[in-house]
Amino acid sequence: MHLESDPDRLLPVDPRTREIARELYRQTAELPILSPHGHVDPGLLLDDEAFADPTELLLRHDHYVTRLLHASGIALNELAVPDRTGAAPTADPRTAWRRFCENWHLFAGTASGYWLHHQFAALFGLTEQPDAANADALYDRISAMLTAPSFRPRALFDAFGIEFLATTDDPLDDLAVHRALAADPAFAGRVAPTFRPDAYLNPAHPDFTANIERLAAWSGSAADDYDGYLAALEARRAHFVTHGAVSADHGVLQPLTVDLGPDEASALFSRAVRGRLGDIEAAVFQGHMLLESARMSVEDGLVMTVHAGVLRNHSTATFETFGPDTGHDIPLRTGYAEALRPLLQRYGNADDFHLVLFTVDETSFSREIAPLAGFYQSLYIGAPWWFLDAPDAILRFRAAVTETAGFYRGSGFVDDTRAFLSIPARHDMARRLDASFLARLVAEGRLDAPMAGRIARDLVDALPRKAFKL
Amino acid sequence: MHLESDPDRLLPVDPRTREIARELYRQTAELPILSPHGHVDPGLLLDDEAFADPTELLLRHDHYVTRLLHASGIALNELAVPDRTGAAPTADPRTAWRRFCENWHLFAGTASGYWLHHQFAALFGLTEQPDAANADALYDRISAMLTAPSFRPRALFDAFGIEFLATTDDPLDDLAVHRALAADPAFAGRVAPTFRPDAYLNPAHPDFTANIERLAAWSGSAADDYDGYLAALEARRAHFVTHGAVSADHGVLQPLTVDLGPDEASALFSRAVRGRLGDIEAAVFQGHMLLESARMSVEDGLVMTVHAGVLRNHSTATFETFGPDTGHDIPLRTGYAEALRPLLQRYGNADDFHLVLFTVDETSFSREIAPLAGFYQSLYIGAPWWFLDAPDAILRFRAAVTETAGFYRGSGFVDDTRAFLSIPARHDMARRLDASFLARLVAEGRLDAPMAGRIARDLVDALPRKAFKL
Amino acid sequence: MHLESDPDRLLPVDPRTREIARELYRQTAELPILSPHGHVDPGLLLDDEAFADPTELLLRHDHYVTRLLHASGIALNELAVPDRTGAAPTADPRTAWRRFCENWHLFAGTASGYWLHHQFAALFGLTEQPDAANADALYDRISAMLTAPSFRPRALFDAFGIEFLATTDDPLDDLAVHRALAADPAFAGRVAPTFRPDAYLNPAHPDFTANIERLAAWSGSAADDYDGYLAALEARRAHFVTHGAVSADHGVLQPLTVDLGPDEASALFSRAVRGRLGDIEAAVFQGHMLLESARMSVEDGLVMTVHAGVLRNHSTATFETFGPDTGHDIPLRTGYAEALRPLLQRYGNADDFHLVLFTVDETSFSREIAPLAGFYQSLYIGAPWWFLDAPDAILRFRAAVTETAGFYRGSGFVDDTRAFLSIPARHDMARRLDASFLARLVAEGRLDAPMAGRIARDLVDALPRKAFKL
């Protein structure tokens, strides 16, 4: 089947509204990309080597893609996801690519399918949709293109118009790659690390004790010294700030915040380090550390982002064989208003404190997140995240939050991706959808075109700059 | 920027559907306003004095508006919200108005922005959108208009076409204002009080004990005499009925109903009066009193309205400085089917008992409220409330409930506002959106135009008259 | 009022999108009906007798219809629902029909109203909407038509184009009716039983003990013999498989699954049989049996369907007088990701195991069900169920699941009805809405027309055949 790319894709179907949307989209389509939260490996840009092959580039690391193929009955190792138990051989890249092409119809209507389509058309100039018959030809064609200098990471970084890119990093990461990249005169882009301390704050994390010991070894304090622990975290954050970080990111099952006194926190910590907390105590300690992290953000200025509500690694067998991020993280119902109240009571209106909330439970947008962001000065509404980062879901998000919180309490779009090549497709999708949403309001007489234009541009530029202090 | 007012605003964008909607809207646009639940001060109509200034009229008391300005970094006292601690001076009205005008873009796409726009255009004839440059001129222009006799509350009441207006009142209110208004031959409008006993039923309310003592003093019974308490509540309800009340309104965190026997209720009450109930016991007692209130409604005919699911005064610091209703009441997940079961088991099909359910958790519309209202004869679906009283939310509400419960199990529109000037804008919005929704069903071949017209008129007239026994 | 039937009903209002939808609908409108889950009485087809009258056929057994009439104030016995207490006389069919016709406006915009409209127009050729004036004439007209051979159940089965119809049956049902029907050379249709063991697995079911005793008597084991109980269930399933069953259906309040060891399960069972389990223990045992049922499905190949989240018989008084399925079953919030985890950990990727999840809590579609089905090979997304089986709800369902799980993880449409005559209306509705949804994606440039056509056909044919192993 032919691979077409509609220049009006994602714009409203009503002709007059589409015309308005086209004009709004025109105003933002070429603006630079600000990507304040994501998972691209900074080494990609430091090394600037050619991508290995289409499977490496588009398939095996993209758990959005591999999970749907898996659901249709294809084992992950057949998709070139490495089996770390060694029990099953991992398919060669070309075979894995064939499985993908044979099953292209599974992606019809999905966000992943849209992004891949965009990349196939805009980046690789493909004119056929993948299928069993053309799999090898497409593989060869993309492979050939990947050897071109214009397909090196840095060239793409420039071609994509990325002005700012944040990575996600371990607190004890030396940030040598970021340092080298910043010092490289041949690379002019701005790439910043992000402080992601979950595995140092959550006693239920399997690496918690080992991480605390590494952190204590680095700082020179005793592993069970709570004050030393806080000081070490603060010092690591300072290291990140020095290296250009703008935010600290927190992934939690529920966004519980707890205000323990220092004595109780210290007592829990010393037991946590010994692996002696029950589930509830561990959650309470993590909730306390979320509050402490907010305090640190108030002090050092790092924007605090919270990604809540995902049950990670739902399938233990898959996790044991293939590791994390293999497609079975499942959202749960998530509450914000009560859980975050201790934090917001303290810091909700604190000077220059920014808290960006992300959710995968879209019921919380109209019920809790927009009302909270419509009052608290520190609170920004995070862009639709993960399973909600898709056309219809993004429009539902806008409809759910705007009537309560307007357009100016949002974070701007966040791609949150480890798939470097999908970044322009994702930002372009968001701009098209914002144009669509705004155009509908104009067509419905709820907004005039000049204000809609200002908002469209602010959503792409002023908002992320403000929310993430860029 | 120019301030325009699209005569087709909120109607569907598809031309044929818009044409159908226009015709439906035409049938209801001029019908009288029935406002069976709201928070307008009846003294406004008794005194009939000119409004002080634009800030007093449109800004400082409207926590929909002040909260969004606050979220953008403006302290509430800068918006002329009185600081009751005296710690910070309260801005003069003109300065507060300037802050609002400078930040008009924050309201783009919001329900508040829509209502203000409507008032600016339809009432004040403004032709420019507020901004920093025209703030003073707009202030002066509106101020000048407020001195005109046509801008006095009674003149507006008539001009708005209000046929019935309910206020919300304390159970011990003597209702002298309502009496005087009813007796005033110069005022022909119908203004009714509403019995709102939350602070007398909920032991966790800070004024509970004081209120019970005042109630007991009034009735002549002992403060901890449970039977005397019930009798006093019944007597106060009778006082309201005598003064034209049609409903009793209940605001609760969760719509829990509990069927305690009289002995257990009496024992809990005597401890409640002494402030000795724990949180759960207080919730149980309140749940018992919600059931008792239903029983009283069955007996005295007052329609029972329940507004559930809002965590009030989320920011303690703001509450302590500026008081309640200052923009930080936040919705929570709310369940109805199990919580209300004891009440519905007893009175769900009781003769002439009407229970109107309001929610700010829109997930409950399709899941619980519409199915309940599709069976129980006493149960009416309340109009979309608070954060859901906005164009997209209202259409979501209609889509969520209609397929299960049809159009005839609803309460009709309820403005629930303390902003007197916004009443016509709100009712007009609801009529436009109902026309839009119905027009879509007609265009989709799901409804014919004559039936749609009948429903459009019934939604504005027959439904609120029936649900609220007007 | 005239009764019209728009040939483009339910298609999108935008003209270009409607044109695309029309073409997609054209490709599926005449395909055979596969109905893999429902509640039609198989005796209807075995006996093949004329339907008694319009009330018997369309009203008294359809609790979608009687509940809305009840909500408007009409007692169920006035609608010819039998009062099993004998307290109130049950109305004669013609009187009940009059009540319905007088209140036809209550069904405007509802799913039931749509299906009835479809039947009135397409089956009975009515040209007037029901009202008080024509009630008797319509009754007579439909009654007369019901005597025609073409209105006998088998003739309708053929005229409807039903290729496969599943009923729902008690585990101890001998399936003699199914056997006779299969053996009848005059009937060529395929009608299969479905194993529905709730009342044998849930200790809180009022008939549990009696059922266990009947089961034990049949199998010859002791009533409290847990191994005998499992073996008897397996034997009954085998009986169903022999008679053509393709699935086992489970109705649960919450989809809890629990992995008890055999000793604990056996101990709980022996107390359950004696009626000695508390509520939580009963839920745990039922959760264990849901896991055991999955194990049996893995072994015998019956597709496992789970219908979760409905609080049955909300009004005890109505239940006592009129029995179950009388319109007051109410959905509750339902969680899947955690509750089903023990089951999915074991069998989520098991060979040839199919688990179809239905929900009446639509928040779970985007949050839990689509992400789960986007990974687990055994898990299929059930069609929108019960209160969600309606035009807007079906489009919300498609929008909620497709972006995450695509089109190929669904069960295909399931009518789940006991109203035999409504089957074509329901399937036609689903096909029109799928055409609408796909057409929008095409018009928005997200899908091309050939792929949309393939998907439209697969949704009606390949998907239900695969999910239900037809």
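**View 1. Burial in chain A.** Of the 470 residues in chain A, 64% are buried (under 20% relative accessible area with a 1.4 Å probe, counting protein chains only). The model is predicted: local features need pLDDT of at least 70 and side-chain atom pairs pLDDT 80 or more, while totals for chains, interfaces and linings use all residues. Residues are numbered from 1 along each chain as its sequence is written, chains are lettered from A in the order in which they are written, and side-chain values use heavy atoms, without hydrogens or water.

**View 2. Fold and dimensions of chain A.** Chain A contains 21 helices and nine strands (DSSP runs of H or I with at least four residues, and of E with at least two). Its C-alpha atoms occupy a box of roughly 65 × 60 × 45 Å along the principal axes. Among contacts (heavy atoms within 4.5 Å) with a separation of 6 or more, 77% join residues 24 or more positions apart.

**View 3. Charges of chain A.** Chain A carries 43 positive and 65 negative charges, whose mean positions lie 4 Å apart. Lys (at NZ) and Arg (at CZ) are positive, Asp (at CG) and Glu (at CD) negative; His and the chain ends are not counted.

Definitions and conventions: Buried < 20%, exposed > 50% of the residue type's maximum accessible area, 1.4 Å probe, protein only.
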